Each structure stands twice: as C-alpha cells, then as structure tokens.
Amino acid sequence: VLPELYAMQVRAVLEAAADVVEAGGTVEPTLLVPMVASHTELARVRELLVVEAERVLDVRRVRVDYHLGAMIELPRACLRATALAREVDTFALGTNDLTQATWGMSRDDHGRYASVYLRDGVWAASPMMALDTSGVGELVKMAIERGRAGNRGLRVGACGEHAAVPEGVAFFHRLGVDHVSCSPFRVPMARLAAAQAALS
C-alpha cells in the first residue's frame, strides 16, 4: 500500500551497486519481495522494481545484472509457487516465518510453553529450532517442485535459523536448494554441514 517504500529501497540498492561498478568491482544484487501471497501482488511489485531499477541504471549509465526474487514465507506462497516463479528469478525460502505461519505461533512467545511441550514429549524438538520436515518441510518441497515447474531456471535459497543447522542443511541439499544464508556467526557451521551433506 506504500509503493514508495519499495522504490526507495530499490533505488538505494541499485545506487550502491552502481557505485561498486564505477569503482571497478562487480556485484549482482537480488531484490527480494517479502511476504508474497499472490501472483497479482508479486507482478505489481515486480513492475515497480524493474521500472525503478532501470531508471537508476539509466541515470548512472552503468549496467548491473540484478535478479528479482520472492521470499517464500507463507503457506499460500508454497501452494501458488508455480505462478509466483513465472515472475522472478529466485525463491528465498524464509523458514522462520514459514514455520510461524504454519504452526500458528510466534517465535517471540513460544518459549512460554515450549519447555512444557518438550518435557511432556509433545515435541521431540522445538519447531523454531529444528526444521519440521514433516510439516514445514513438505511445504518447502512443494514450493521448490512447483516453482521449478513454472520456471525451469529458478534459483532457490533457504534462509533463517534452519538454514545453518546440520539437519536443515542436509534436508535442503536433498531437495536441490542452491544455497543457504544465515547470520555471520553461523556461517562456519553451515559450511561444514553443506560439505558433509555433499559428501554423503
């Protein structure tokens, strides 16, 4: 409802990318649209992003290869992944928000009952910490399969807490995820887990 915010963010990213190119560097930014729920929504935002990005590059007279992506963070996005993938180059599987939306719980307040659920055997592990492969994982698998059915060249990444733990990395590797992203202090663990998954 405030497209000016997206325009401002795209302008900032492309201005920074143009600075890098003018200084002799290379950069290939990906512009991710968060909380996507429908194809028409994504198509509208995509048009805005492209217009603003091209405006910046025309003014700066540089060429930057940028990509457009959708954050897949809602169950509906997983269900509608085929149509969404036709609008973008990349999916970023946001498993933190997808877990919250799927389980109907907030990361901020689940701690109030998580210890009881774990103690009483309701959960083997908190879904906020260990990827729920039988629930959230099925949605992730669906998003990847349907997304690549709509766009054979679709790149898929995973981000969030689950993208750095060994079980999560192994699961994403089996599904053909191209890359994972995580907070800097988790990068060594994610690299080790990725190497182990590739070897196995």
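Trainee: Which residues are linked with Arg-60 in a network of salt bridges?

Mentor: In this predicted model, Arg-60 belongs to a salt-bridge network together with Glu-15, Asp-19 and Glu-22.

Trainee: And how many salt bridges does a search of the whole structure find?

Mentor: The search finds 10 salt bridges, and one of them joins Glu-52 to Arg-55, with their closest N and O atoms 2.7 Å apart.

Trainee: How many residues apart are Glu-52 and Arg-55 in helix α2?

Mentor: They are 3 residues apart, which means that about one helical turn separates them.

Trainee: Is Glu-52 buried or exposed?

Mentor: Glu-52 has a relative accessible area of 8%, so it counts as buried, whereas Arg-55, at 45%, is partly exposed.

Trainee: What about Asp-178, which residue does it form a salt bridge with?

Mentor: Asp-178 pairs with Arg-148, the closest N and O atoms lying 3.0 Å apart. This pair links distant parts of the chain, since Asp-178 sits in the loop between α8 and β5 while Arg-148 is in helix α7, 30 residues apart.

Trainee: Changing topic, which residues touch the most other members of the largest nonpolar core?

Mentor: That core has 41 residues, and those touching the most other members are Leu-14, Ile-72, Phe-91, Leu-93, Val-140 and Phe-172. Helix α2 gives the most to this core, contributing 6 residues.

Trainee: What does Val-140 touch?

Mentor: Leaving aside residues up to four places away in sequence, Val-140 touches Leu-93, Thr-95, Leu-98, Phe-171, Phe-172 and Leu-175.

Technical notes: Residues numbered from 1 in each chain as written. Predicted model: local features only at pLDDT ≥ 70, side-chain atom pairs only at ≥ 80, totals over all residues. Heavy atoms only, no water. Core = buried A, V, L, I, M, F, W, Y, C linked by side-chain atoms within 4.5 Å. Buried < 20%, exposed > 50% of the residue type's maximum accessible area, 1.4 Å probe, protein only. Helix = DSSP H or I, 4+ residues; strand = E, 2+ residues; numbered from the N terminus. Contact = heavy atoms within 4.5 Å. Salt bridge = Lys/Arg side-chain N within 4 Å of Asp/Glu carboxyl O.
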